[in-house]
Amino acid sequence: MAKQRHPAFTCQECGAVYNRWKGKCEACGGWNTIVEETGPAATRPSRAKGRIFPLEGLQGETKEAPRTPSGIAELDRVTGGGFVHGSIILLGGDPGIGKSTLLMQASAALAMRGERVAYISGEEAVAQVRLRAERLGLGQAPVELASETNVEDIIATLSQGRPPALAIIDSIQTMWTETVESAPGTVTQVRGSAQALIRFAKTTGTAVILVGHVTKDGQIAGPRVVEHMVDAVVSFEGDTGHHFRIMRAVKNRFGPTDEIGVFEMSDQGLREVPNPSELFLAGRDMATAGTAVFAGMEGTRPLLVEIQALVAPSSLGTPRRAVVGWDQSRLSMVLAVLEAHGGLKLGMHDVYLNVAGGLRITEPAADLAAAAALVSSLSGNPLPPDTVYFGEMGLSGAIRPVAQEQARLKEAAKLGFSSAVSPQPRLDKAKGSKSERLPLATSAIGHITDLVAGIAARRRKAS
Ligand code: TYD
Ligand code: MG
């Protein structure tokens, strides 16, 4: 039967499909993003009768998915203990953030332990990849290298001999498959190439990592359409002005999605940071008003970070509100609560909020630390340098308890902090947590007015 081919117009940004060309994509609002593509028709030869397969119950034998740990602890933490055999991981990140560097380090570490590892670069020549490996001091590792972009050739080559434990495809945007007629780099090509590589992974048990570049607005361009096909989506973030790099699982079928891995870019590649709090608090300016230390959690790991605020009289009709590393709408909410319930006048002030070190915080527990930094900056009173803050703020100004209080306090105590401003402890009847000993002195506050009054009292004490 001759394969039927459907012309289709696909948005290169979001993958939406139209049956005629349009200037603007209705799904994502992008202009001039729609391109005509032809792919194989999604019709299968119809079978008169289906094969009958057994259906199973929820109970039964389940085996842990077999994994190959990379040996890089921060990477293994994010994947949930190593690369699951036959799984596909999409690693996204800005160009230049260090994806190729990290994957070369992981490849070399595995290869040194006797595993077969293939590194296929569609972006760089073999000599360039070699040069990087040499710079990283990994020139001796028996990684199998190639500079190739044709997916069929890659699969044919990798299928020879013992299947690799790990295959790196750097990057999926450069790959093309003969089964699709569209130009390389188009959504259809990316999807087709990924499909072929997924099939290869599932049949051979090779763990495949696809590298995907990210566009300015933080989306994995093109490869976004393969997010639902892969087993894990991992993003590698950090701004190039900082040395820290954060690895975060956005989706993970075989592990947690809230763990982060922390790395530092050095002249010898990415170095693991086993105790990130120390790093994020290094160089902290303790005497200035407007900084507060937030005792946060990233997955199972407590993480202390400095939150900096600058509140200054505005010369503009509409004051500026800018935030780096935190949620803009969360800042608006905290400002509104501080005005409505904390008695602060912020309407004529510019407000800037920054999470030091290039970290991005998503936890609502940062509300209280952000509020403390804001109040401190507005009042000009520095906060006590040995105190950490955490707690979620409600619209009424009430400070609500957050999860894992003990872990946060322990980390703060470990790093030499002596007190915490935190929500009233939850009355946990089942565990009787009231009797639990807290690792450091806490002043529990129930309402935002307590925070504002506490910071104002510091001025009176000082003067
Ligand atoms: P790279 O891994 O090529 O980024 P990506 O694959 O995500 O595009 O990293 C490139 C950057 O990393 C480049 O700006 C140089 C820097 N780098 C170091 O600082 N130290 C190193 O040891 C290496 C190999 C790269
Ligand atoms: Mg690269």
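1. A residue counts as near a molecule or strand if one of its heavy atoms lies within 4 Å of it. With that in mind, 16 residues surround ligand 1, and the closest are Gly96, Ser100, Thr101, Ser266 and Gly269. Before you read on, note that this is a predicted model, where local features need pLDDT of at least 70, side-chain atom pairs count only at pLDDT 80 or more, and totals for chains, interfaces and linings use all residues. Residues are numbered from 1 along each chain as its sequence is written, chains are lettered from A and ligands numbered from 1 in the order in which they are written, and side-chain values use heavy atoms, with hydrogens and water left out.

2. Let us look at the oxygen atoms of ligand 1. A polar side-chain atom of Thr101 is 2.6 Å from an oxygen atom of the ligand, and an N or O atom in the side chain of Arg132 lies 3.0 Å from an oxygen atom of ligand 1. The backbone takes part too: a polar backbone atom of Asp267 is 3.3 Å from a ligand oxygen. On its own, ligand 1 exposes 560 Å², of which the protein buries 75% (accessible areas come from the Shrake-Rupley method with a 1.4 Å probe; for residues, only the protein chains shown count as cover).

3. Which elements give two or more residues to the shell around ligand 1? They are α2 (99-112), α3 (126-135) and β13 (260-266), where helices (H or I, at least four residues) and strands (E, at least two) are DSSP runs numbered from the N terminus. Helix α2 gives the most, with 3 residues. By class, the shell has 4 nonpolar, 7 polar and 5 charged residues.

4. Now for a pair of helices. Helix α4 (residues 151-158) packs with helix α5 (residues 187-204) at an angle of about 10°, and their axes are 10 Å apart. That makes α4 roughly parallel to α5, a label for angles under 35 degrees. Val151, Ile155 and Leu158 in α4 meet Ser193, Ala196, Leu197 and Phe200 in α5 (contact means heavy atoms within 4.5 Å). The residues of this contact divide into 6 nonpolar, 1 polar and no charged.

5. Two backbone details deserve a look. Most residues other than glycine have a negative phi, and most peptide bonds are trans. Asp170 and Ser171 are joined by a cis peptide bond, with omega about 5°, and Ser171 lies in the loop between β9 (166-170) and α5. Asn32 has a positive phi, near 55°, and is found in the loop between β2 (17-18) and β3 (34-40).

6. Finally, visit Asn275, in the loop between β14 (269-272) and α6 (276-281). Leaving aside its neighbours within four places in sequence, Asn275 is in contact with Glu411 and Lys414.

Key
A polar contact is a pair of N or O atoms within 3.5 Å; within protein, one must be able to donate a hydrogen and the other to accept it, and residues adjacent in sequence count only if both atoms are side-chain atoms. Ala, Val, Leu, Ile, Met, Phe, Trp, Tyr, Cys and Pro count as nonpolar, Asp, Glu, Lys and Arg as charged, and the others, Gly among them, as polar. Axes are lines fitted to C-alpha atoms, for helices over the stretch in contact, and angles run from 0 to 180 degrees between N-to-C directions. Angles under 35 degrees count as roughly parallel, over 145 as roughly antiparallel, 65 to 115 as roughly perpendicular and the rest as oblique.
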